[in-house]
Amino acid sequence: MEAAAGVEEPRVVVALDLDKAERAEALAAQLDPRLCRLKVGKELFTRTGPQLVERLQQRGFTIFLDLKFHDIPNTTAAACRAAADLGVWMVNVHALGGVRMMAAAREALATANGPVPLLTAVTVLTSHGPDDLKQLGLAEGSDALVARLARLALRAGLDGLVCSALEASRLRAEHGDAPILVTPGIRPANAAPDDQRRIATPAGALEQGADYLVIGRPVTTAADPCAALHGIVASLRV
Ligand code: C5P
């Protein structure tokens, strides 16, 4: 969605990792769609389904449907088409699903009815540290792995990548401005990392070349989520 002239496009995507539609709607009611988009992920979607996505869209929010599809090409393509039918702003797949899967997703969206959601690929989860990758037999380390998966995703025609802010500048150097870079693992200075391992501050992530910052717990568990969001957005303007 293009921002109107003079109005900044929201860079923050608040992750609604919540267990009930009522909690999600109560939180959404405190947030401003001019300041943030919303991300609906596996927990909330599994509990509440497409109806909640539609209700959040009716409140004026654009939605990143973060279901990280990873399946055979035919199934993934059909799931992406279903996401397009919902009218979401962005949908994603796991790059580890491979080029054929990603290309099938791209093709499915090209023939979708109505507006085509942005299609991004998760490279390496930001919760994965070196030990996790070694355990999975991915011993080359996150930098090399992210670079390789990013090349595959962009070769398959995807619009962008979900990666750690720590990898964003390297991806910009290799691929230029075109790919959309979406970075989770964002923590304001002094905030707890929780289970995240490859983290950056909101302003740091933008400096590294991120387009959109996915931020969950620093907003959703704050005593005043609205104030937390305003603080983060203000930190991006200095
Ligand atoms: O609460 P927190 O800010 O850590 O939430 C991060 C969100 O981003 C979660 O919803 C998580 O599923 C998502 N995510 C991630 N790492 C990725 C892709 C998505 O943390 N690589």
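1. A pocket is an open set of points, on a 1 Å grid over the protein atoms alone, where a 1.4 Å probe fits and protein lies on both sides within 12 Å along at least five of seven lines, and its lining residues have an atom within 4 Å of a point.

2. The model is predicted, so local features need pLDDT of at least 70 and side-chain atom pairs count only at pLDDT 80 or more, while totals for chains, interfaces and linings use all residues. Residues are numbered from 1 along each chain as its sequence is written, and side-chain values use heavy atoms, with hydrogens and water left out.

3. The second largest pocket holds about 220 Å³ of space, a volume being the space filled by probe spheres set on the grid points, which are joined across faces, edges and corners. Its lining has 12 residues, with Glu 8, Glu 9, Arg 11, Val 233 and Arg 237 nearest the centre. By class, this lining consists of seven nonpolar, no polar and five charged residues, where Ala, Val, Leu, Ile, Met, Phe, Trp, Tyr, Cys and Pro count as nonpolar, Asp, Glu, Lys and Arg as charged, and the others, Gly among them, as polar.

4. The largest pocket holds about 580 Å³ of space, and of the 30 residues that line it, Asp 17, Lys 39, Lys 68, Gln 196 and Arg 217 lie nearest its centre. Two or more lining residues come from each of β2 (36-41), α2 (42-58), β3 (63-69), β8 (212-215) and α9 (217-220). The lining of the largest pocket divides into 13 nonpolar, eight polar and nine charged residues.

5. The ligand takes up the space of the largest pocket, in the sense that more than half of its atoms lie within 2 Å of the grid points. Around the ligand are 18 residues, the closest being Asp 17, Lys 39, Arg 187, Gly 216 and Arg 217; a residue is counted as near if one of its heavy atoms lies within 4 Å. This shell comprises nine nonpolar, three polar and six charged residues, with at least two supplied by each of β3, β8 and α9.

6. Oxygen atoms of the ligand lie 2.7 Å from a side-chain N or O atom of Lys 39, 2.8 Å from a backbone N or O atom of Gly 216 and 2.7 Å from a backbone N or O atom of Arg 217. The protein buries 89% of the 470 Å² that the ligand exposes when taken alone, with accessible areas from the Shrake-Rupley method and a 1.4 Å probe.

7. Two backbone angles deserve a check. Lys 68, in strand β3, has a positive phi near 45 degrees although this residue is not glycine, and Asn 190, in the loop between β7 (180-183) and α8 (202-207), has a positive phi near 75 degrees.

Terms used:
Helices (H or I, at least four residues) and strands (E, at least two) are DSSP runs, numbered from the N terminus. A polar contact is a pair of N or O atoms within 3.5 Å; within protein, one must be able to donate a hydrogen and the other to accept it, and residues adjacent in sequence count only if both atoms are side-chain atoms.
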